[in-house]
Amino acid sequence: MSTVTLAAGQYTTTTISTAGFALGLALLAAELWRWHKGGKSGGKGKGDDGGGAARDPKALIPLGFGMVCGILMIACPAGLLGTLAGALRWGGNSVGDVAMKWLTGAPSQTLGTAATPRIDAYGAIVVAALAVTLWLLRKQIAKAVKGKWWKGVLIGCLLCVSTGTAALIAQQVVEGANGLGAWAINGIAKGEIA
């Protein structure tokens with residue numbers, strides 16, 4: 001069995017409450033239900049939220065892409081994206097805590113302080129390019145798509161800070177961004193093929 005020692009700077013530490021995690025799960029479940037039923041109208045055809053036909057995989061793209069963006073924001077502990085992710089996580093924890101207290105009478109607990117993978121210098125290239133591209137294209141993206149994307153961002157910020165399956169997915173997303181950035185610099189910019 002091999003032992004891997006990780007540098008302290010390789011991970012960023014952040015906290016999520018059980019209420020914030022429950023809110024993230026509720027948002028994800030609601031979006032998946034709408035997708036399953038074909039939008040807000042609940043019919044088999046096109047939904048009035050732009051959800052498309054029931055169970056059309058393409059309708060999940062904005063939500064999934066938003067979740068990836070939320071995960072990447074959490075992986076940026078500093079800067080504007082990291083600050084925005086912290087605000088979304090704080091808001092999700094707060095709203096979830098109020099809802100949990102009102103609905104159940106039980107206060108939320110800290111789910112755990114999880115260490116999420118951190119974007120490295122190569123991954124930062126991917127995240128910066130993605131953020132600038134989204135900013136430049138913001139006027140050309142339909143409102144329904146933006147709404148699903150923002151929900152995905154919030155879900156990604158709330159669910160990726162755990163130690164379960166969501167954390168494994170977050171790790172793959174961050175490592176993928178780091179690898180893509182390394183490939184872009186070494187392969188495209190420097191012309192090194194490994």
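Axes here are lines fitted to C-alpha atoms, for helices over the stretch in contact, and the angles between them run from 0 to 180 degrees between N-to-C directions. The model is a predicted one, so local features need pLDDT of at least 70 and side-chain atom pairs count only at pLDDT 80 or more, while totals for chains, interfaces and linings use all residues. Residues are numbered from 1 along each chain as its sequence is written, and side-chain values use heavy atoms, with hydrogens and water left out.

First, the overall layout. The protein has six helices and two strands, where helices (H or I, at least four residues) and strands (E, at least two) are DSSP runs numbered from the N terminus. Going along the sequence, these elements come in the order β-α-α-α-β-α-α-α. The protein has 194 residues, and 33% of them count as buried; buried means under 20% relative accessible area, exposed over 50%, and partly exposed in between (1.4 Å probe, protein chains only). As for contacts (heavy atoms within 4.5 Å), residues 24 or more positions apart account for 75% of those in the protein with a separation of 6 or more.

Next come the helix pairs. Two packed helices are described by the angle between their axes and the distance between the axes. Helix α4 (residues 121-137) and α6 cross at roughly 95°, and their axes come within 7 Å. The two are therefore roughly perpendicular to each other. For such labels, angles under 35 degrees count as roughly parallel, over 145 as roughly antiparallel, 65 to 115 as roughly perpendicular and the rest as oblique. On the α4 side, the meeting residues are Y122, G123, I125 and V126, and they face A177, N178, L180, G181, A182, I185 and N186 of α6. By type, the residues of this contact of α4 with α6 split into seven nonpolar, four polar and no charged. In this grouping, Ala, Val, Leu, Ile, Met, Phe, Trp, Tyr, Cys and Pro count as nonpolar, Asp, Glu, Lys and Arg as charged, and the others, Gly among them, as polar.

Helix α2 (residues 61-74) packs on helix α5 (residues 143-159) at an angle of about 40°, with the axes 6 Å apart. That makes α2 oblique to α5. The contact involves P62, L63, F65, G66, M67, C69, G70, I71, M73 and I74 of α2, together with V145, K148, W149, K151, G152, V153, I155, G156 and C157 of α5. Here the residues divide into 13 nonpolar, four polar and two charged.

E31 sits in helix α1 (residues 18-37) and is buried, with a relative accessible area of 3%. Its side chain makes a polar contact with the side chain of K148 at 3.3 Å; a polar contact is a pair of N or O atoms within 3.5 Å, and within protein one must be able to donate a hydrogen and the other to accept it, with residues adjacent in sequence counting only if both atoms are side-chain atoms. Neighbours within four places in sequence aside, E31 is in contact with L63, K148 and K151.

V127 belongs to helix α4 and, at 7% relative accessibility, counts as buried. Again leaving aside neighbours within four places in sequence, V127 touches L72, C76, L81 and I119. The C-alpha atoms of V127 and M73 are 8.3 Å apart, although 54 residues separate the two in sequence.

I169, in helix α6 (residues 165-189), is partly exposed, with a relative accessible area of 48%. The C-alpha atoms of I169 and V68 are separated by 9.3 Å, with the two residues 101 apart along the chain.
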